[in-house]
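Please open the structure in your viewer and keep the selection tool at hand. The stops below say what to select next and what is there.

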Amino acid sequence: MRHRRLGIGAVLGSGVIVAASLVTAPFAGAVSPDTATVSFDCGSFGSGTATLTASQDSSTATITLSTSAITAPIEVSANSVSSSLVLTDSNSQTVTLTGNSNPDIPAGSPVSTGPLTGTVPTSDGLQATSLTVTVFGITVTCNATSAQDPGPFVF
């Protein structure tokens, strides 16, 4: 009988700990879809498809991006790319996500950047409309040439 009470107490105690951790954990909202593609035209630097991966924590959105529209002419070391991604809703209101992070990018490889972060309104559908990337002091501006697939991010 003593083991039984100890077992029930342990189960109840662990349940309280789990419940307490859920209460103190930050709210992480769901973004849908969490991955999308869009085509960009980057002028003389090229054009191609970008894959955007989104997440959300309250009103802060985070997007990582990899695009074949821009390739690294030489090796680019980590955290040396500055980027901004403009997202637009159906009312032409814009949100800009920015960041200065990237993984190491070998010469000839597609540019990857992110996390790009910014504050987003909830329940708005936002589509990527432009991307600006600065590497080694050279700024490349890309404009979306397709709608985001499978659709806008809803935060």
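Begin with the largest pocket, which holds about 200 Å³ of space. A pocket is found on a 1 Å grid over the protein atoms alone, as an open set of points where a 1.4 Å probe fits, with protein on both sides within 12 Å along at least five of seven lines, and its lining residues have an atom within 4 Å of a point. Grid points are joined across faces, edges and corners, and the volume is the space filled by probe spheres set on the points. This is a predicted model, in which local features need pLDDT of at least 70 and side-chain atom pairs count only at pLDDT 80 or more, while totals for chains, interfaces and linings use all residues. Residues are numbered from 1 along each chain as its sequence is written, and side-chain values use heavy atoms, with hydrogens and water left out.

To see the lining of the largest pocket, select F45, I70, T71, A72, P73, V76, V111, V133, V135, F136, I138 and V140. The lining divides into 11 nonpolar residues, one polar and no charged, where Ala, Val, Leu, Ile, Met, Phe, Trp, Tyr, Cys and Pro count as nonpolar, Asp, Glu, Lys and Arg as charged, and the others, Gly among them, as polar. Strands β3 (60-71), β7 (125-135) and β8 each supply at least two residues of this lining; strands (E, at least two residues) are DSSP runs, numbered from the N terminus.

Stay with F136, one of the lining residues, which is found in the loop between β7 and β8. F136 has a positive phi of about 55°, although it is not a glycine. Most residues other than glycine have a negative phi, and most peptide bonds are trans. Now select S58 in the loop between β2 and β3, where phi is near 60°, again a positive value in a residue other than glycine.

Which peptide bond is cis, with omega near 20°? Select D149 and P150, and look at the bond from D149 to P150; P150 is found in the loop between β8 and β9 (153-154). A cis peptide bond also joins G114 and P115, with omega about 15°, and P115 is found in strand β6.

Next, select C42 and C142, which are joined by a disulfide with an S to S distance of 2.0 Å; a disulfide is a pair of cysteine sulfur atoms within 2.5 Å. The pair links distant parts of the chain, 100 residues apart, with C42 in the loop between β1 (35-41) and β2 (47-57) and C142 in strand β8 (residues 138-144). C42 counts as buried at 2% relative accessibility, and C142 is buried too, at 0%; buried means under 20% relative accessible area, exposed over 50%, and partly exposed in between (1.4 Å probe, protein chains only).

For the last stop, select N102 in the loop between β5 (94-99) and β6 (110-119). Is N102 buried or exposed? N102 counts as buried, at 4% relative accessibility. A polar atom of the N102 side chain lies 2.8 Å from the backbone nitrogen of V81. Leaving aside neighbours within four places in sequence, N102 has contacts (heavy atoms within 4.5 Å) with several residues, including V76, V81 and G114.

How values were computed. Helix = DSSP H or I, 4+ residues; strand = E, 2+ residues; numbered from the N terminus. Polar contact = N/O pair within 3.5 Å; in protein donor to acceptor, adjacent residues only side chain to side chain.
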